[in-house]
Each structure stands twice: as C-alpha cells, then as structure tokens.
Protein chains: 2
Amino acid sequence: MTRERPVPEATVSRLPLYLRSLVELAETEGPVSSDALAEAAGVTPAKVRKDLSYLGSYGTRGRGYDAAYLIHQIRRELGLTQHWPILIAGIGNLGHALANYRGFGERGFRVAGLVDADGSKVGEIVAGLPIRPFDDLATVVRDERIAIGVIATPATAVQEVADRMVEAGLRSILNFAPAVVTVPEEVTVRKVDLAIELQILAYYEQRNAALREVRGSRAASGRS
Amino acid sequence: MTRERPVPEATVSRLPLYLRSLVELAETEGPVSSDALAEAAGVTPAKVRKDLSYLGSYGTRGRGYDAAYLIHQIRRELGLTQHWPILIAGIGNLGHALANYRGFGERGFRVAGLVDADGSKVGEIVAGLPIRPFDDLATVVRDERIAIGVIATPATAVQEVADRMVEAGLRSILNFAPAVVTVPEEVTVRKVDLAIELQILAYYEQRNAALREVRGSRAASGRS
DNA sequence: CAATGTGAAGACCTTCACAGCC
DNA sequence: GGCTGTGAAGGTCTTCACATTG
C-alpha cells in the first residue's frame, strides 16, 4: 500500500537547497525553525513549511524541526542514501572541472567514469581516473553501475552522446552543452547552459540600468 | 511615453533558448513557423507564440517568422546588441573552464577580468588574461567597464566576494558557489549549483527506478 | 506561547481553441 | 489554407492567515 506522494516539481527543486542549509545549521544546537531555515536557504518561511509538509509532519509545533532528522528525511526523499556513480562524457575544459569538483563527493555522487571521443586524450588520468574511449561508454556504465550521465561535449556531439547513454541504459542525463537533446520519455534530462544564465542576467541588467537612468534624471531635475 | 512591457520572467528565461535555436535555423531559407521553432527549442508551439507575442507582433500570419528579424528583436530585448564585459572571481577548476569557455564570446559576452585571492596565482595568464589580485576587483571593474560578475570561488568566500562586487558597482551576479548570498535588492543574483542539479536528477532516477521495478514485477506476475 | 501544518485566496504560467489576417 | 496572436480556461505555485498542537 505504497502511499502516492505527488511532491510538486518546484518543491523537489528546493529540497537540495534545504539539505545544504540544514547541513550548515546542524552545527549549532537545538531545533531549527522554518524562519531560520528560510533565512539560510534564501526563501520564505511559508514556502519552507509547505514544502516540508509534502514529506510528512516532521516538525514539532512550538519548537521547530530537528536538523539531523530532517536531513535524514530529505536525503531519503531525494534518494541520497547511496552515492550515485556518474559518468562524464567530454573531458575538455568543463569536463575537467566537473571531474575535479569536490562538491560532488560531498553531496551524494562519485565520478566513476570518464569518456572522450578524442583518441589523443584516452589514457590520460584526470581526477584519478583514466579517460576511456567513447566506444567504451556502455562497458563503463555496466562495470561501474553508472546511474547518471553528464554531457560536457561540444554542442554538435550532444545527440549522439545522449543516444549512446540511453542505449547503455542510463535514464538520467545532465546536459551542459548548448543544444536541445531528444530522448525517449522515460529518460529525464536536465540542462545547464552557462551562456543562457548570463543572457538572462543581461536582460535584467539592461532593464535596471534603464530604470536607474530614469530615476537619476528625475532626481536631477528635481521631481519626486 | 515608453511603453511598459512586463515580459513574464518565465518568458525571459526562454528567450535565450529561442535565440540559440533561431541562429541554427537561420541557415535554412524561408520563414520559421512557431512549430519549427518549438521543435528546435524543445517547447510547445503555443508557448513560442505566446512568448513572442510579449515582444510585439513580429510574425506574419499564414507564413511564420523571419528568422533574421526575430533574432534581431530578441537580441535587442535581451540587451545583447553589445558585448558585455564580465569578471570572474576565483580561478580554480571551474573559473579556468569558464574563462576558456568559447560559448561566451559567441553569445554576447567577453571575459574581461580575472581575480583570485591566492597570491601564488596572481600574474598567471589564463585565456589570454592575467589573473589579478582580489583587491584589484574594483579597479578592474572600473577600467574594463565590467557589468556582470561571476563567482567561482569556494562557498566560504562567496559573501565577501559578492559584497566587494556590489561595492564596486556591479548589479548583476552569477554565483556558481554552493552558498546563499545576500545582496541589496537592486542587485540581481542568479545561481547555478552543479550538485543540486544532480540531486534533482537523483530524485527522479530513484522514483522512476521504483516505478520500473513495480512494472517489472507486475509483468512477471502476469497482471496488466 | 511559539511555531507547525494547511485550507483558501491569489498570482503566475501553460494550454486550448479559434478569430483574424496574410 | 495556413499560421499567428490572444482571450479564456485550466493548472501549478506562492502567499496568507489561522486553527492546531506540543
């Protein structure tokens, strides 16, 4: 009789944030209130309470939440009770940085495979792992029980890499390349496009600069 | 009489995606329909039309959109008619990769300054630029007319770096460090947390793996 | 009394479906 | 005829405000 829990997508995307904040807050003693957690995570207290309520009633009215217990519950919900082995395809600038990123190890992941199509890179050791040929992708996935694939190749290669990952059995892909990728519906893809983040910032920068301009000239001409 | 155009946030965050897709589609001749653009960008046609309608009526009924013209309009809306000079603080693994990322140059940005608090790195040339001391941040911002700051330092340094950026006059910050940053309300901060993206994927991976499990055993026991 | 947990209200976003126009 | 542009409907997410409870 598994309880059907439709945790909203928006909530899921904030759980990791709460987790990160709780790990910091857990240093200090005593229970953590939704206000304190909200402050640490940079969201509103109401959001914290509603989000956490989807996981169950893990707080104590009048006191707050026990940090250690909540951490455990969120980890369980996110599936972070185990360390997930990940594979990185494309060991260029970004792939290198990702392979060496300490944060993954501390937060539930282990870089367990590296592949690259460039033969001259094969064999090179990065972050303690040898780069293997692109054609070994399926073998690495099987041998290392890889669960999540990370694409850090040039945009042109994305679709082929994704196809191979799906073929090898991966059902979760994180795509850093600036291109849309098409996969069967049972596969989850998330994307991070660094230039797009900057472009969004540029929009607000431009918009606010224009506002500052207007306010500036208003002030100069003495109007309120 | 400047027309007040409240382009929704969700739309703003998709404009860069349309821009990227249009640049690809512009190779081929003829107008681009909302269906074609939707396909290329990985969204629904209705969304494309509604999003574009906030910018104005730039399409032609019965035909579609002129790619070149739309590209121009979206660039204008996003403020990408100029190349924005950006500064990267923290030239470790990730900072290096960002400094060398070709995509920025192609999509409206120019890495114009690098700073790092580690004295032993100062002077080193990365992507054709010398790393300068953290204390020169304000000077670099002024001299290079930096508009956007990128934080790629360890989490512990984030708040100090952000404070310095704000003090130096920056109003747009992209934060890659896994920590919340507090800034005055006139400053826009966007964040990218690589581990969080993986944690969100882990949630769906776990959830879907459980579903596959159930389906598998159902099939095995002969139920529909 | 203090802080959670939650219905209800409201804001925002997406999808529908079709009138309007080329 | 074909495709845009858009009101209206339908969802989802956020915020409010307060009853509930340790």
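Select chains A and B together: across their interface, 16 residue pairs are in polar contact, with both residues at pLDDT 80 or more. A polar contact is a pair of N or O atoms within 3.5 Å; within protein, one must be able to donate a hydrogen and the other to accept it, and residues adjacent in sequence count only if both atoms are side-chain atoms. The model is predicted, so local features need pLDDT of at least 70 and side-chain atom pairs count only at pLDDT 80 or more, while totals for chains, interfaces and linings use all residues. Residues are numbered from 1 along each chain as its sequence is written, chains are lettered from A and ligands numbered from 1 in the order in which they are written, and side-chain values use heavy atoms, without hydrogens and water.

Helix H9 supplies 15 residues, the largest share of the side of chain B that touches chain A.

Then display Asp193(B) and Arg107(A), whose side chains form a salt bridge at 3.0 Å, N to O. The term denotes a side-chain nitrogen of Lys or Arg within 4 Å of a carboxyl oxygen of Asp or Glu.

At Tyr65(B), a side-chain N or O atom is 2.8 Å from a phosphate oxygen of DNA strand D.

Key:
Helices (H or I, at least four residues) and strands (E, at least two) are DSSP runs, numbered from the N terminus.
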